Amino acid sequence: MLNIAVLVSGGGTNLQALLDAESRGGIPGGRIACVISSKPEAYALERAKRAGVATEVLVRKGFATPEEYDAALFSLLDKYDTGLVVMAGFMTIISDRVVQRYPNRIINIHPSLLPSFGGGGFYGLRVHEAALARGVKITGATVHFVNEVCDGGPIILQKAVEVLPEDTPETLQRRVMEQAEWSLLPQAVALFCQGRLRVEGSRVIIRESEEGR
């Protein structure tokens, strides 16, 4: 059984999607072992506690240097024997050291069809504000492996969502979550835990079934 650590910062709706998927047997081969929050007040922690999942708080500004923060994060991930790290609305930038320690074992969910509206400065409502300002007719969400380039890792799954003429950033954000994020992230995590993802260069190959393992 693969232990999963979920990194959060806010309300935890994507965490809830993962918890719900696990409860119905939708993540075969994996279990959510801990939830690590960058903010002690994050509601995601309450979601985890209600599900009986261990919680930890790791605040970046509580450490004098990036190296000390990384060491504390490594200690927590080691504590739970973590095999997969899932960034589900985690608002702290992780360092190259973290990426290099967990190569192709960190997954992130981003609220756009990457490479559009990704990279530095594109997070939360800012992504949807930019999409509406550009006048795109289709947006969506992307699950990708994390590498040293912000939002630049190999893409695992994407799903398109229509942009409506009357949309605001808030309504678009909600629809992208409901129609894309909450289904894509558990699906990608399940594929990883079943050993069905293989990275070849900048591409992710998804094996159709577990046959031949």
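This is a predicted model: local features need pLDDT of at least 70, side-chain atom pairs count only at pLDDT 80 or more; totals for chains, interfaces and linings use all residues.
Local features need pLDDT of at least 70 and side-chain atom pairs count only at pLDDT 80 or more, while totals for chains, interfaces and linings use all residues. Residues are numbered from 1 along each chain as its sequence is written, and side-chain values use heavy atoms, with hydrogens and water left out.

**Exercise 1. Determine how many disulfides the structure holds, and describe C193.**

Step 1. A disulfide is a pair of cysteine sulfur atoms within 2.5 Å. The structure holds 0 of them.

Step 2. C193 takes part in no disulfide, and the nearest cysteine sulfur, that of C34, is 13 Å away.

Step 3. Buried means under 20% relative accessible area, exposed over 50%, and partly exposed in between (1.4 Å probe, protein chains only). With a relative accessible area of 11%, C193 is buried. C150, at 43%, is partly exposed.

**Exercise 2. Describe the largest pocket by its volume and its lining.**

Step 1. On a 1 Å grid over the protein atoms alone, a pocket is an open set of points where a 1.4 Å probe fits, with protein on both sides within 12 Å along at least five of seven lines; lining residues have an atom within 4 Å of a point. Points are joined across faces, edges and corners, and the volume is the space filled by probe spheres set on them. For the largest pocket this is about 900 Å³.

Step 2. The lining has 41 residues, of which G89, F90, M91, N108 and Y123 are the closest to the centre.

Step 3. Helices (H or I, at least four residues) and strands (E, at least two) are DSSP runs, numbered from the N terminus. At least two lining residues come from each of α1 (13-23), α4 (96-101), β5 (106-110), α5 (125-134) and α6 (169-193).

Step 4. By class, 17 lining residues are nonpolar, 19 polar and 5 charged. Here Ala, Val, Leu, Ile, Met, Phe, Trp, Tyr, Cys and Pro count as nonpolar, Asp, Glu, Lys and Arg as charged, and the others, Gly among them, as polar.

**Exercise 3. Describe the backbone at P115, D81 and D151, and state where each residue is found.**

Step 1. Most residues other than glycine have a negative phi, and most peptide bonds are trans.

Step 2. L114 and P115 are joined by a cis peptide bond, with omega about 15 degrees. P115 is in the loop between β5 and α5.

Step 3. D81 has a positive phi, near 50 degrees. D81 is in the loop between α3 (66-79) and β4 (82-87) and is exposed, at 58% relative accessibility.

Step 4. D151 also has a positive phi, near 60 degrees. D151 is in the loop between β6 (138-145) and β7 (155-162) and is buried, at 15%.
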